[in-house]
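I opened the model to look up its sheet, the helices on it and some backbone angles. My entries follow in the order of looking.

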Amino acid sequence: MEIVANRPAGSLSAADRHRPKVYFAPVLEGATLVRERFRAPILSPEPAPRLVLVHGPAGTGKTTTLAQWARSTAWDAPPTIWVSMHDDDHGRIHFWTRVITTVQESRVAAGDSHFARFDTTVLAQFGMRSTLVRLFSSLANRIIVVIDDFHLIDEAAIDDDVITLLESTSSVTFVLASRARSPLDSTQTAARIPMTVVDATSFAFTLNETHELLELHRGSEPVATASSIFEQTGGWPLATRALALTHGNGHSPALVRSVRDGHARFVSDYIGTLLARLNEDARHLLLVTSVCAEFSLSFAASIGSLPRTRTAAAIRQLKSLGVTTKRPTPQGTVFAHHPYMREALKRTAEEELDDEQLAEIRRQYSSYVEPGRPDQALSILCVLGDLDAANAVLTRNYPILTSVHAARTAAVLRDIPAVQLAAYPILLSALWIHAHSNPAVPLAWLDGWFDLLNTAVHSRVSDESALPFTESAVLTGLYRLMGQSDDAVRMADIVSAQLANPATPAIPDARNSLPMIHAVLALTRLFAGDYANAERHYVLCATDAQAKGLPLDAVRGLNGQALATAISGDVASARIRIAEAESFDALADWDDHFGRINLRIARAWVAIDAFDSDAALREITALRHHERAAETWPFIALAEARALLYSHCARTAESALDAAISRHETRPEPIAAMRASLTAMRATLALYQGDVRRARTILHGADLNHPELELARARVSLLAGNSKAALMSAARTLQHTREHRHGAHRMRLEAMLITAVAELRLGLQRKSEETTRHAFSSLVELQLATPLAKIPRSDLELLIANARIDTADPAIAALLRVPDLFASVGPNEELSETELRVLMKIAAEKTTEKTARSLFISPNTVKHHLKSIYRKLGAGSRQEAFDIAVTRGLIDGASVTR
């Protein structure tokens, strides 16, 4: 499949009259294997791609495959013009001059057209991009332009020109073949233009293609022979073809023999020949850089101990031989070795360089890659046994190494003996955090390693306040994950004091970890219900990260602010924070990062507050089985229960909550505040099913000093008709939120509404009016409606009437569009003490007459009370009234002798 020539400029030859209209494509000499699967990206059904990117190193068959495609396309396909780039075409003017001139020489443009008459010497005199758009738009018919060796182009403006052309006119399709991945291969480009990407791995021969190639050159051959070739070469086109052409002319018998001996031997011989052709600088550079996965000009000069100019010349020679490829990045151009030769190159370097040289190159390489690939830097240093440097890398990059790269971090650390890890609490904590997120890891293992970590930290200092704040922050997070509430809050207080104290010694390696430390403190405060301080630490996380140029941590801070405000009930602020975080798209490729998880939870809570349960459940579904979401599972479980409560029913919500709790039974319990939140939600869901008795049972023995449990008790008392008890519980909730739960808007406002209902039932209309007005004012300001849904509809209507709330106000009207959670519970008016006695006696005595004699009242009076009881309980019979009263906890069924 040798390329012998490009067809000369001009029209089609007579021999080409009945072939596809292809201009200047390379002519392939000898038999070639046409691989049909490479035609699909170009000739796919409508809408056909407007941009096709083909990239792969030298020797992978890009040019051969594209030339085959060009000559096998259908006759009715658009004309195809082939443009081969040269080293002097890298500039923008040179590039477009060559493209335009080639299209003109193909004569696909009419002789008198604007395109045919265009003078390329004036390209630089006018707005080039607008000129290109007008020029290509003037073509009467669509054309396909294949640009080979597009990797020679190094001007970003050319990429922008291509995108603008494709967006502005439908007259051209570009096929760009390159040795390196083009910057055009991005999600941004794909969002704007229909495109297809064919990469290097696609060019490898399949087993069937290997067999077809073998038969093409050697006649009928058994599949076993093709299978042997395929296993030896891995499908690498260069090696596969060398073995298939054993009896061909002009091929080195030694090369063919080496392929027969195996792919590794083939590559080794290939590299041996290559090294002999290189000058001294290029040979030295090839060996020292082969230890690295990628390198830049400055880094290669550093490890190669060569002047920059000589390093650049050596890289150019390697590139011209197809050994290296280049890739432009925002930080500059980086180079990488041919992927099929990388391992063999590394083995050659390890044979020629001593261990000390190799270790120093790898150590320098870890510093080079750390800004973009800290996981790779950590791996290199751990393999070298340099745990001091590894600890420093983890300290600098803790957030991303324990989230996005958690699995690789844990895999590297697991190979280090525990006795060595014990001296590095930061390394040990990363291993523990990954194990905590894995349900398969036994709880006993977590306990044992946590004790080891705790001992390792405290063995060095007697006073916790003297700990380095990085280790204090790690302990804070681990105490929280272990459910040790008091210890977590205590350590959070210590770290906060350390950060606020100007005398605290600076830790250079912790500079980039300060945003992470604030995030750890924020989440600990959030779990403890201290929403105001949680938001404060997330603000510090974002601002500090932005100042240090750490976009991932900046987004983590913004997403955390959204989460804290959403859970606290400040819906208006949460919506603003979510919009800010979504506009900052640095997390686009890092869905595993903790910050992205927080954003999803925040969006779910805000959607619930808008009663958009479908949107909330979509976010929750994406998180339910997410490994990184295990740390915040209580917030996710509570959000799911609330979403199902508003969209389905309390029973469905309760089942989902129980399932979530069950899934995490093998993990340490959450801290006390979150356990209280989950208990309060279980009791509330029982209440919304009309089961007051079960709600009371769930709350029995719970810590009523916790405000959410106290608020749940207020809900139960209100529905059971005990207004005085409801008023007392609501008052204790309000007191606690004022003194300890700063920013707990959701709890505070529901407690105020329960207070207002209880006051109204007790005849305190003036106080109820004042409380109601104050509550509605805050609800409007925060755009928070869900507390209103937790008040029985009849009571809510009485509150609005008593306080003379203007329901015509759009802001008020929007809040009042809430579901009636009590629709299936029935009326909830209080039973008087006399009615309760009548109900108890009627259950025991069975008849009206006996009940009347027992209570010393007339039978008609008993009947009157029964009517009132039926109405208040929504019952249709004595037995039903009794059952409802027992279920709601109004009477003790066991004390009734029946």
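Which residue in β8 is the bridge partner of L51? I looked it up and found M195.

Before going on, I noted that this is a predicted model, in which local features need pLDDT of at least 70, side-chain atom pairs count only at pLDDT 80 or more, and totals for chains, interfaces and linings use all residues. Residues are numbered from 1 along each chain as its sequence is written, and side-chain values use heavy atoms, with hydrogens and water left out.

Entry: the sheet.
I took helices (H or I, at least four residues) and strands (E, at least two) as DSSP runs, numbered from the N terminus. I counted two strands as paired if DSSP finds at least two bridges between them. Strands of a sheet pair through backbone hydrogen bonds, either parallel or antiparallel. Here I read an open sheet of six strands with parallel pairing, in the order β2-β5-β6-β7-β4-β8. At its edges I found β2 (22–23) and β8 (195–198), each of which pairs on one side only. Between β4 (residues 51–55) and β8 I noted four bridges, in the parallel sense.

Entry: helices on the sheet.
I used contact to mean heavy atoms within 4.5 Å. Axes are lines fitted to C-alpha atoms, for helices over the stretch in contact, and angles run from 0 to 180 degrees between N-to-C directions. I found α2 (residues 92–106) packed on the sheet, where α2 touches β2, β5 (80–84), β6 and β7 (172–178). The direction of α2 makes about 140° with that of β5. I also found α5 packed on the sheet, touching β4 and β7. For α5 and β7 I noted about 150° between directions.

Entry: positive phi.
I noted D149, not a glycine, with a positive phi of about 60°. D149 is in the loop between β6 (143–148) and α5 (156–168). I classed residues as buried under 20% relative accessible area, exposed over 50% and partly exposed in between (1.4 Å probe, protein chains only). D149 is partly exposed at 23%. I found a positive phi of about 60° at F856 too, again not a glycine. F856 lies in the loop between α45 (848–855) and α46 (859–873), and F856 is exposed at 77%.

Entry: the chain.
I recorded 47 helices and 10 strands. Of the 898 residues, 54% are buried. Among contacts between residues at least 6 apart in sequence, 69% join residues at least 24 apart.
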